[in-house]
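Please look over the model shown here.

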Amino acid sequence: MSKQNNESSNEKNQYFLFVANKDIYAITALEVIEIVEYQNITKVPMMSDFVSGVTNIRGNLIAVIDLLQRFGIKQTQIYDTTSLVILRKRHFNKELQIAVIIDQVYEVDDISAENIESTPDFGTRIDKYFIKNMAKYNDEYIAVLDIDTVLDIKELSILAKEKSSKDKG
Amino acid sequence: MKILLNELNIYEVENCHKKILKEVQSVKSSFTLNFSNVEKIDLNSIQLILSLKKYCDEKAIHLKLTNIEARQVKQTFKMFNLNQTLGIAP
Amino acid sequence: MTEELQLFCEDMDEQLSIMEDTLMDMSEISIEAVDSEMINKLFRAMHTMKGNAGMFGFDDVVSFAHVAENLLDQVRNKKIVLTQAMLELFLLVNDHSRTLIDVTVQDEQLDDDQLTCHNDILAQLSAFSGLGKPDVLDLKSDKKESEAEEAVVDKISSYHITIKPKDSFFKSDMDIMAIIKYLGVIGDVTNLTIEDSDIPDIKQLEPLKSYLTLSMQYQCEEPIDEIVAAFEFVKDDIDLSIININEKIETENTESVEPAVVEPSIAEKAKPTSNALAKPIKKKETRVEKNFSLRVDSSKVDQLINLISEMVIANAKITQIADMDDNIELLEAADTLTSMLEEIRTGVMDIRMVQVGSSFNKLRRIVNDTAKKLGKQIEFVISGEDTELDKSVVEKISDPLVHMLRNSVDHGIESMEKRIANGKKEKGRIDLRAYPDAGSIVIEVEDDGAGIPKEIILAQAIKNKLVSPTAQLTDKEIYNLIFAAGLSTAESVSDVSGRGVGMDVVKRNIEELKGTVDVDSTLGQGSKITVCLPLTLAIIDGFLVQSGDTKFIIPLEMIQECIELTSENRSNMKNNEFINLRGSILPLLDIGDYFDINRVDYERENIIIVNSGNQIAGLIVHELHGEFQTVIKPLGEVFEKISWISGGTILGNGEVALILDVPMLLSHIV
């Protein structure tokens, strides 16, 4: 019993760290399904800028989100190290898979609970809305992303603009 | 030996087999199965009892089934015409 | 729920449907016209239900069914004359049986109301069959006197039955004792013995393995098939032999006796025990062929279809590579594979195909009940029951059809007085038809009622702000307003429909199935709703096009033709977005512009002329890549708001192309 507890708490303490626009961000490792090399993405018209499109992961179509655009920073540039991180996201009672674009994988490491602190009210580079809490890692504070808000389906699915008015003139 | 189970069925038969086997090997002249708790019995368990009967016959142990009270159990033994074979009073 | 119980439920459902259908048939004709075949059908269904329930030891169901069966038997043997009241009662029996089975399967008890209903029905049944005091629930008596009476001696056959459970029988968790008990209900079991010679002593015993053989003498008036059927649920777990020892007293020991040994295909060679052999009777072995059908979990078929879809994609990739390398041999091999895959696909799809008939028949009850409630008389005519459709589509189409039919009964068909006043037949008529048409299945609901009052619909729609008061709508557009949410035209809100919900749900359900729905009407003469459904949901024949850097699939069946958009056309357009196509106006939509796709300069542009319903439009794209077997994959929740893209598909090179939903796209731009 106690052993099991330890194991699961270990897993809970594990974080996936990555680089985007020279900053390091963290996601709890439990939310990560897999990491694949950047690959062709098909743009889906009329979606918001931060929805890059869909890609084919082993025969399934998966939505790809541009994190930097989602944070309102800029469009992510594609480098050799650019990767797609497939995340699991609960949506009602279904588990969805959604990919985000990152510049580079940084590390997968344990961060103990005492190094997790709540988010300050201001001063973070990205909106506090997207941050679950702050983790102290190698004397640096990094933002642990709140996947539920970053990948909020309601916000992701909003169409960029209703276009049907334009073509009658 | 008193059977503590309410139902002698496929889910209990392995356990029951073990218990009976243990007990029956330590007796010499007679072995009693007390059915007072048993309310239901299935074909699988009947097979177990018939198997026990075989063993007892070989070793000349007198097998007695007692306190068969539940309707289903009585009917089942009757249905398969086992009352005589197993020495159950009608 | 165990697999067996699942099967049981499905079987019961089937029997109940048969009963219901038959009862509906009967109620549509005059009571005198009911023929013995119908009664027999009812009787068989009831009888099968009783038998199935017996196998599972559901005593309450058995005893209930038994009483109903008794009455049916008396009617069948013309001892009692069928009356209208009896028919009504049997409908109640049908409904209550469903309740009773549900409750029993859930291992629950009837609640007080249900119990009252139960005993009430039993009382009525018994009253009809002249039994007097009914056996109310709680009874456990297995045999009724009447049955003993009916057991006319000269109909009885005797059998010797040997049951050898397979080694693993006990693990199947099937209760053979219940089957024997059931046999005891429909006949007489004697000399039931357990052959124990194979049972080892308790030291060697493997408690879960079966060593037994059961044998018995059996007498009943049922045909041998009935006895075999009793073992239906365990037939894979036992070896069974049933030997008919014909003991008809007057024919015993005569040459003409031809008893049969029935061996279900699973049985070993019959091994008659000494009991049977002792009878000096000639035996002849025959085999009874049973129609063999398979019930498979539909997810298994889906999995197969998915796999085949993946293979189609992989094969497309091979074709592409072979094409690039100009490898003729590989191309030919891939070609062969393509046609074989196509065959496999059709074959597997075929497994999913079911006839719409059974689901249509359920609708008769609904029309009948609704009509009765509204005091209308309606002739309901079904045709094309044998039309095949994907099972999942059939399941999902049932609700919309219920809505549509209720609407026809309620709003379509006029009251009897009105019909007479208008010089129509007092009995209204509703037709439900299904037929295949060019790669899709068409389902029509047509009534000869009042038709749709255009003005009222339009006024209502304007009042509810669904259309602007100045809009110029064609008749067809007005009729189709009935599918708009929040439009109710029934002058009085009835119990049946007309609450302003319904037809919009119908439309939505049908669109979810990638189908279309259309309505047409003539005032005073009736209306017709036409539903067009795709044969299958998983794979379509598509046409791959490209606009800018994005690839799209257009369903091939939507495409009328492809023409080149010449510079001549361009200049003739003069900023209009249409061209003159052989004398008529063809409105154009530039996919690239519309979707804001990065423009790439192309030497030529093409127009794909698509045809959806009555709309024709030209879609401007840049490149045409040709036909493509398209496996439709959902884009997922993130893209759920984009209605004009119905999904995505994976191309041979792993890229994703988007599938255009042409009807939605056209409805958006018009």
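## Aromatic pairs

Two rings of Phe, Tyr or Trp pair if their centres lie within 6.5 Å. This is a predicted model. Ring pairs join Phe16(A), Phe18(A), Tyr25(A), Phe71(A), Tyr129(A) and Phe130(A) into a cluster.

Over all chains, the count comes to 10 aromatic pairs. One of them is formed by Phe552(C) and Phe595(C). Their ring centres are 5.6 Å apart, with 25° between the planes. Planes under 30 degrees apart count as stacked, and this pair is stacked. The pair links distant parts of chain C, 43 residues apart. Phe552(C) belongs to strand β15 (residues 550-555). Phe595(C) lies in the loop between α19 (591-594) and β19 (605-612).

## Charges over rings

In chain A, Arg70(A) lies over the face of Phe50(A). The distance to the ring centre is 4.9 Å.

Chain C has a pair of this kind as well. The charged end of Arg76(C) sits over the ring of Phe43(C), 3.7 Å from the ring centre.

## Helix α3 of chain B

Helix α3 of chain B spans residues 71-79. Its buried residues are Gln72(B), Val73(B), Thr76(B) and Phe77(B). An α-helix has 3.6 residues a turn, so residues three or four places apart point the same way.

What covers this buried side? The cover includes β3 (40-41), α2 (43-58) and β4 (62-66) of chain B. It also includes α7 (176-186) of chain C. The face of α3(B) turned away from the buried side carries Arg71(B) and Lys78(B), both exposed. Just after the helix, Asn81(B) takes a positive phi of about 50°.

## Leu337 of chain C

Leu337(C) lies in helix α11 (residues 328-352) of chain C. With a relative accessible area of 37%, Leu337(C) is partly exposed.

How far apart are the C-alpha atoms of Leu337(C) and Met311(C)? They are separated by 9.7 Å. Along the chain, the two residues are 26 residues apart.

How values were computed:
Residues numbered from 1 in each chain as written. Chains lettered and ligands numbered in written order. Predicted model: local features only at pLDDT ≥ 70, side-chain atom pairs only at ≥ 80, totals over all residues. Heavy atoms only, no water. Phe/Tyr/Trp six-rings, centres within 6.5 Å; stacked < 30°, edge-to-face > 60°. Helix = DSSP H or I, 4+ residues; strand = E, 2+ residues; numbered from the N terminus. Lys NZ or Arg CZ within 6 Å of the ring centre and 35° of its normal. Buried < 20%, exposed > 50% of the residue type's maximum accessible area, 1.4 Å probe, protein only. Contact = heavy atoms within 4.5 Å.
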